[in-house]
Amino acid sequence: TGGLTEAEVHEFRSSISSLLSMYKDHISMEDEVIFPLASRMLPDSEKAAVATEMAGRRKIKLVTPV
């Protein structure tokens with residue numbers, strides 16, 4: 001019928017909440033630990049390669065030089 005039962009709605013909302021929590025933890029780890037460390041440790045050529053690869057995966061154009 002294209003509808004969800006109340007139990008399915010509850011399960012869906014619970015799953016989305018868990019996913020959101022994991023995603024926030026992931027982004028926090030990247031922003032607070034990984035990216036600052038990579039910025040200090042990687043040479044400019046490696047940072048450019050990482051930026052290019054990430055942009056390619058997201059199918060976006062880099063707008064600032066790396």
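Helices here are DSSP runs of H or I with at least four residues, numbered from the N terminus. The views below are taken from a predicted model.

**View 1. The largest pocket, with lining residues from α1 and α2.** Helix α1 covers residues 6–41, and α2 covers 44–58. Each of these two helices supplies at least two residues of the pocket lining. The lining consists of Ile 34, Phe 35, Ala 38, Ser 39, Leu 42, Lys 47, Val 50, Ala 51 and Met 54. The space in this pocket comes to about 160 Å³. Rolling a probe the size of a water molecule over the atoms shows where empty space is left.

**View 2. Glu 30, a buried residue without a salt bridge.** Glu 30 is part of helix α1. The nearest side chain of opposite charge belongs to Arg 58, 6.0 Å away. A salt bridge requires a side-chain nitrogen of Lys or Arg within 4 Å of a carboxyl oxygen of Asp or Glu. The side chain of Glu 30 does make a polar contact with that of His 26, at 3.0 Å. With neighbours within four places in sequence left aside, Glu 30 is in contact with Phe 35 and Pro 36. Of these, Phe 35 also lines the largest pocket.

**View 3. Lys 59, a non-glycine residue with a positive phi.** Lys 59 lies in the segment after α2. Its phi is about 55°. Most residues other than glycine have a negative phi. Lys 59 is exposed, with a relative accessible area of 75%; the cut-off for exposed is over 50%.

Technical notes:
Residues numbered from 1 in each chain as written. Predicted model: local features only at pLDDT ≥ 70, side-chain atom pairs only at ≥ 80, totals over all residues. Heavy atoms only, no water. Buried < 20%, exposed > 50% of the residue type's maximum accessible area, 1.4 Å probe, protein only. Lys, Arg positive; Asp, Glu negative; His and termini not counted. Polar contact = N/O pair within 3.5 Å; in protein donor to acceptor, adjacent residues only side chain to side chain. Contact = heavy atoms within 4.5 Å. 1 Å grid on protein atoms, 1.4 Å probe; cavity = no way out; pocket = protein on both sides within 12 Å on 5 of 7 lines; lining within 4 Å. Points joined across faces, edges and corners; volume = space filled by probe spheres on them.
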